[in-house]
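This report describes the sheet, the helices packed on it and the nonpolar cores of one protein model. The sequence and the structure are shown first.

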Amino acid sequence: MKHLFQKGTNSAKPTFLMLHGTGGNETDLLAIAAHIDPEASVLSVRGNVSENGMSRFFKRLSEGVFDMEDLKMRTGELYEYIGQAAKEYDFDRNNVIAIGYSNGANIAANLLFTYSDSLKGAILHHPMVPNRDTDLPDLTNIPVFITAGTNDPICPAEESTDLEKLLAGAGAKVQLHWEDFGHQLTMPEVEAAKEWYDKL
Ligand code: MLT
C-alpha cells in the first residue's frame with residue numbers, strides 16, 4: 001500500500017497507524033500524530049480504492065452505504081499490510097494504535113470488528129458502525145476513543161452510540177467524546193484524544 005513511515009525516537013512508544021478520510025492521503029494526519037505523541041513511530045497509509053479520483057479505504061454504494069464484500073477484502077488487506085510493514089520497518093506489531101478519521105476511522109473500526117489482535121488501541125474520529133451483521137471478536141481491555149459531532153450529517157448520533165455499545169460489549173474500554181460541530185475534524189477533539197492517550 002502507498003504509505004509513509006516515520007521512525008519514532010522512543011521504541012517503547014506505539015506505532016500510530018494513520019488512516020485518512022475520503023479524498024485524503026497519507027500526509028493529512030501527520031500533524032495529529034505528532035501532536036498526540038511526538039515520540040511515537042508513524043505508519044500512514046493511503047487507501048487503495050479510488051472514488052472518482054478520491055482515495056478511500058473501501059468502496060461504498062452511496063454515502064454511508066458500504067460495499068460489504070469490498071470492506072471485508074480491504075480490511076484483510078490492511079491487516080496483512082500492517083504485519084508486512086512491521087517486519088520491513090522493524091516496529092512492534094503488537095503495539096499499533098490506529099488513528100483514523102471518517103472513512104479511515106471506519107476501516108479501523110472494522111479491523112476491531114474482525115480481529116482480536118489487529119490493534120492495541122484506536123482513536124476513531126467520526127466513525128460509523130462498519131458492520132451490523134457480525135459477531136465481534138474478544139476485545140477485552142482494548143482502549144478505544146471515539147469522537148463525534150452533535151451536528152454531523154454523515155454520522156447520525158446512533159452510529160456513535162451503537163458503535164460504543166458494540167465495542168464495549170466485546171470487552172473494549174470505550175470512551176465517547178462529543179463536540180457541537182459537524183463531520184469536520186476539530187482541534188478540541190484532537191486535544192481530547194491527546195488527553196485520553198496521555199492517561200493510557
Ligand atoms: C464512509 O464512506 O466511510 C463514510 O461515509 C465516511 C466518508 O468517507 O464520507
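The model is predicted: local features need pLDDT of at least 70 and side-chain atom pairs count only at pLDDT 80 or more, while totals for chains, interfaces and linings use all residues. Residues are numbered from 1 along each chain as its sequence is written, and side-chain values use heavy atoms, with hydrogens and water left out.

Leaving aside neighbours within four places in sequence, V144 is in contact with L112, A122, L124, L167, A172, K173, V174, Q175 and W196.

**Nonpolar cores**

A nonpolar core is a set of buried Ala, Val, Leu, Ile, Met, Phe, Trp, Tyr and Cys residues joined through side-chain atoms within 4.5 Å. Buried means under 20% relative accessible area, exposed over 50%, and partly exposed in between (1.4 Å probe, protein chains only).

The largest nonpolar core has 42 residues, of which L17, L19, L124, V144 and L167 touch the most other members. Another core of 19 residues lies apart from it, and M18, I99, F145 and V190 are among its members.

**Sheet**

Strands (E, at least two residues) and helices (H or I, at least four) are DSSP runs, numbered from the N terminus; two strands pair if DSSP finds at least two bridges between them. Seven strands form an open, mixed sheet in the order β1-β3-β2-β8-β9-β10-β11. Its edge strands, β1 (3-6) and β11 (173-179), each pair on one side only.

Strands β2 (residues 15-19) and β3 (residues 41-45) are parallel and share five bridges; M18 stands opposite S44 in β3.

**Helices on the sheet**

Axes are lines fitted to C-alpha atoms, for helices over the stretch in contact, with angles from 0 to 180 degrees between N-to-C directions. Helix α3 (residues 103-114) packs on the sheet and touches β2, β8 (96-101), β9 (121-125) and β10 (143-149), its direction making about 140° with that of β8. Helix α4 (residues 157-169) lies across β9, β10 and β11, at about 165° to β11.

Conventions:
Contact = heavy atoms within 4.5 Å.
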